[in-house]
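This briefing goes through selected parts of one structure, grouped by topic. Please keep the sequence and the model at hand while reading.

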Amino acid sequence: MINVFNKVLVANRGEIAVRIIRTLKEMGIKSVAVYSTADKDSLHVKLADEKIAIGGPKSKDSYLNMKNILSAALLTGAEAIHPGYGFLAENELFVEMAEAVGLKWIGPNPHVIELMGNKANARESMRQAGVPVIPGSDGFIKSHEDALEVAERVGYPLLIKAAAGGGGKGMRFVYNEKELFDKFADAQNEAKASFGDDHMYIEKVMTNVRHIEMQVIRDQQGNVLYFPERNCSLQRNNQKVLEESPATGVTAHMRSELGEIATKAVNAIEYENTGTLEFLQDSDGNFYFMEMNTRIQVEHPVTEMVTGLDLIQMQIETAAGEPLKLKQADVKLDGYSMEVRLTAEAPEKNFSPSAGKIDFMFLPTGGPGIRIDTALYAGDKIQPFYDSMIAKLLVHADSREKVVTKMQRVLDELVVYGVQTSADFQAALLRDPQVLRGDFDTRYLEESFLPRWQKIQPLAELGGGDGFIQ
């Protein structure tokens, strides 16, 4: 394989850093790992060709330290930076700084990152491109009076969102005019504190909808590929818990229609590299744009499992100026895949984090159609400074029923000692009748499943079984 770059710095940690480094090795490209003092013994550091410390354990001192990361890239002679997801992956200032010192960014340009990172601007740009958007405000709102005007036009319930936001911060549900004043102020204050930006926007809360997303890639020559959709509707606190592809109820015609919408969207903003457009799908099968993530996503392996493609490799080649090697007709949907996020949390204790040393870990990798992405090993530590991900558990089979059965088996076999995990919660979720049928919307986990599951936990601890599925 021709080397598109000689050396790439991976500006991340954990399983995504390991994932990127492995693809770089397969492409014959040298890798540079950056690490905080807390991560000096981490797997991504051990696997990389070179390693360089960038600061203390807190993210702001290391993985968010732009100057230290850029210095590391220049000192090691890296030609490009792969940001993974999280940290600086969608920070347009960091991209501008990297490009100013001659480094290639493996992702879209800073203008597009800024455009799509501001949710209100992204919404308006999609509306102008002819992409259907959720009913709501046009542009920014900065006052309670603006919010009231939108509410009177589109009706309740509403969702107030931070324009610069993400991860559920600066977001509030409003069900009537009485709640609007206080919740708008709360959301705006949280947005200001979290993002340094108090611009807000409002969307109509759509009920009985599913969260469907489509990953795309566009090369520098303007060629576009879209990949089979992912269903990410099982969420808690606006964070995804389980993802699958293809989505139950999305027909081949719907997939093609969504692909055309996604293609129109990325062409309109002259997007480059990979990204994911997120939509709500109503009960009539219509899709409405929510937002776009201008990076690789946590759940990208689900798409890799059903297409047989290496999306990280495609990212790297595209950033180097290589045209896409495939046409849309070459992207085939093969079977079904599912991803479960195994986290170091105690779901029965309101998902409280569980940091500490992993005394023993067995992650079942035996059998066809199983993939586990992790950066942890026995003796390693779940650090309190970062997210609580232990591993991404992925399975693939020729039917959704077999995928669920295979994932149940994986969850049954895995063993982690030293920290609490979300495994029992995920296993219970995969025994739920509605989840088994694929019959759930974005509110199902929080409003229906979780209250019932939490209610029976004391019975389970007393030896009364799960008491959940009759």
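Which residue in E5 is the bridge partner of Ile-81? The partner is Trp-105. The model is a predicted one, and the points below cover an open parallel sheet, helix H4 with its buried residues, the packing of helices H7 and H8, and the buried strand E20.

**The parallel sheet**

- Strand E4, residues 80-82, is joined to E5 by two bridges in the parallel sense.
- The open sheet has five strands, arranged E3-E2-E1-E4-E5 with parallel pairing.
- E3 (50-55) and E5 (104-105) are the edge strands; each has a single partner strand, so one side of each lacks a neighbour in the sheet.
- Helix H1, residues 14-26, packs on this sheet and touches E1 (7-10), E2 (30-36) and E4.
- The direction of H1 makes about 175 degrees with that of E1.

**Helix H4**

- Helix H4 spans residues 92-100, and its buried residues are Phe-94, Val-95 and Ala-98.
- Down the axis of H4 these buried residues fall within an arc of 100 degrees, so they line one face of the helix.
- An α-helix has 3.6 residues a turn, so residues three or four places apart point the same way.
- At the start of H4, the backbone nitrogen of Leu-93 has a side-chain oxygen of Asn-91 within 3.0 Å.

**Helices H7 and H8**

- Two packed helices are described by the angle between their axes and the distance between the axes.
- For H7 (residues 144-154) and H8 (residues 177-195), the angle is about 145 degrees and the axes are 10 Å apart.
- The crossing of H7 and H8 is right-handed.
- H7 contributes His-144, Ala-147, Leu-148 and Ala-151 to the contact, where they meet Glu-177, Leu-180, Phe-181 and Phe-184 of H8.

**Strand E20**

- Five of the five residues of E20 (residues 370-374) are buried, that is, under 20% relative accessible area, so the strand is largely enclosed by the rest of the structure.
- In a regular strand the side chains alternate between the two faces of the sheet.
- Ile-370, Ile-372 and Thr-374 point one way from E20, while Arg-371 and Asp-373 point the other way; all are buried.
- E20 pairs with strand E22 (residues 389-397) in the antiparallel sense over five bridges.
- In that pairing, Val-395 of E22 stands opposite Ile-370.

How values were computed: Residues numbered from 1 in each chain as written. Predicted model: local features only at pLDDT ≥ 70, side-chain atom pairs only at ≥ 80, totals over all residues. Heavy atoms only, no water. Pairing = 2+ DSSP bridges. Helix = DSSP H or I, 4+ residues; strand = E, 2+ residues; numbered from the N terminus. Contact = heavy atoms within 4.5 Å. Axes fitted to C-alpha atoms, helices over the stretch in contact; angles between N-to-C directions. Buried < 20%, exposed > 50% of the residue type's maximum accessible area, 1.4 Å probe, protein only. Arc of directions from axis to C-beta. Polar contact = N/O pair within 3.5 Å; in protein donor to acceptor, adjacent residues only side chain to side chain. Left-handed = near helix turned anticlockwise from the far one by under 90°.
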